[in-house]
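The following report describes selected local features of one protein model. The sequence and the structure are shown first.

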Amino acid sequence: MKLTAEQLQQFDELGYVMLQDVFDPVEVGVLQEELPRIYAMDRPEVWRESTGVVRTAFAAHRYSKPFDCIGAHPRLIGPVQQLLDGDVYIHQYKINAKAAFDGDVWQWHQDYGTWARDDLMPEPRAMNIALFIDDVTEFNGPLWVIPGSHKQGVLEAGHDLATTSYPLWTLDKASITELANEHGMFSAKGKAGSVLMFHSNLVHASSPNIGPWGRTIVYLSLCHVDNHIRQFKREEWIAHRDFTPITPLDDACLRDLARERAAAE
Ligand code: SIN
Ligand code: MN
């Protein structure tokens, strides 16, 4: 899959592109079915909120076949290779659960702010591609982004080790107020199977989920192979050290899994 000239222009101007219906319900169904198994796992990669519900399952491509397929899916990898102009590797892989009632906040941040400071990634030649595993609505903690904020470079940030279970370099209230007053905000909503691509310097956040519907989003953070991280301070399943270029799988990989699973029943 390739982005059109119009989508490339939007990415450049706003720092994100939203793509609807990239995966169909059969494909998304394979991923949805796999989630309870992952969320029940007791392993260091599966992080929980203070209430015990899963916040993030890191590096799930290493312990789940359907999610491994997503980590090398041509519909996700192709547009990122196009935008970053070459081979990419997986810097970080997250399944973010944002559970009903208990899914907690993600404070305002730029991803590259953390990748530069903690991992010494040389340049923002890396980005996120996010796949919605559930419908994302105004009621279940959608991602908020500040359009155009990727053009600000790396903004001053403080290391937040306290407000959530995941350490992050976060922006202060005055900076967010100024940026949002100037650029407004976009709330990334869409049906399960939709995709949001965004620049690694785009300012974003999400509120706690006080609604009765969870929303799982998978984030692939992909980096150009020449731009790999230089410092290995964080766990290797948070900031990966395997810089092997991704070889995209067959476009039918999730459908094949769906067929295999149906045949086994
Ligand atoms: C992130 O910023 O990495 C995740 C935010 C979210 O899932 O709401
Ligand atoms: Mn982020």
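Leucine 196 lies in strand 11 (residues 195-199); strands (E, at least two residues) and helices (H or I, at least four) are DSSP runs, numbered from the N terminus. The model is a predicted one, in which local features need pLDDT of at least 70 and side-chain atom pairs count only at pLDDT 80 or more, whereas totals for chains, interfaces and linings use all residues. Residues are numbered from 1 along each chain as its sequence is written, chains are lettered from A and ligands numbered from 1 in the order in which they are written, and side-chain values use heavy atoms, with hydrogens and water left out.

With a relative accessible area of 1%, leucine 196 is buried; the term means under 20% relative accessible area, against over 50% for exposed and in between for partly exposed (1.4 Å probe, protein chains only). Leaving aside neighbours within four places in sequence, leucine 196 is in contact (heavy atoms within 4.5 Å) with several residues, among them Tyr16, Val17, Met18, Phe132 and Leu143. Leucine 120 is 76 residues from leucine 196 in sequence and 25 Å from it in space, C-alpha to C-alpha.

Leucine 120 follows helix 5 and has a positive phi, near 50 degrees. Helix 5 (residues 111-119) is largely enclosed by the rest of the structure, because 8 of its 9 residues are buried. The buried residues of helix 5 include Asp111, Trp115 and Asp119.

Asp111 is also a ligand of the metal. The manganese ion (ligand 2) is coordinated at 2.1 Å by Asp111 (OD) together with His109 (NE2) and His204 (NE2). Donors are N, O and S atoms within 2.8 Å of the metal (3.2 Å for Na, K and Ca), and water is not among the atoms, so sites may look incomplete. Along the chain, the donors of this ion follow the spacing H-x1-D-x92-H. Histidine 109 in strand 5 (residues 106-109) and histidine 204 in strand 12 (residues 204-206) are 95 residues apart, and the pair links distant parts of the chain.

| Residue | Relative accessibility |
|---|---|
| Histidine 109 | 3% |
| Histidine 204 | 3% |
| Cysteine 223 | 0% |
| Alanine 59 | 0% |

Alanine 59 is placed in the loop between strand 3 (54-58) and helix 3. Not counting residues up to four places away in sequence, alanine 59 touches Tyr93, Trp237 and His240.

The structure holds 1 disulfide, a term for a pair of cysteine sulfur atoms within 2.5 Å. The disulfide is formed by cysteine 69 and cysteine 253, whose sulfur atoms are 2.1 Å apart. Cysteine 69 lies in helix 3 (residues 65-71) and cysteine 253 in helix 7, so the pair ties together parts that are 184 residues apart in sequence. The link is right-handed, with 70 degrees about the S-S bond, and both cysteine 69 and cysteine 253 are buried.

Helix 7 (residues 253-264) also packs against helix 2 (residues 25-39), at an angle of about 65 degrees and with the axes 8 Å apart. Axes are lines fitted to C-alpha atoms, for helices over the stretch in contact, and angles run from 0 to 180 degrees between N-to-C directions. In this contact, Val26, Glu27, Val30, Leu31 and Glu34 of helix 2 meet Leu254, Arg255, Leu257, Ala258 and Arg261 of helix 7.
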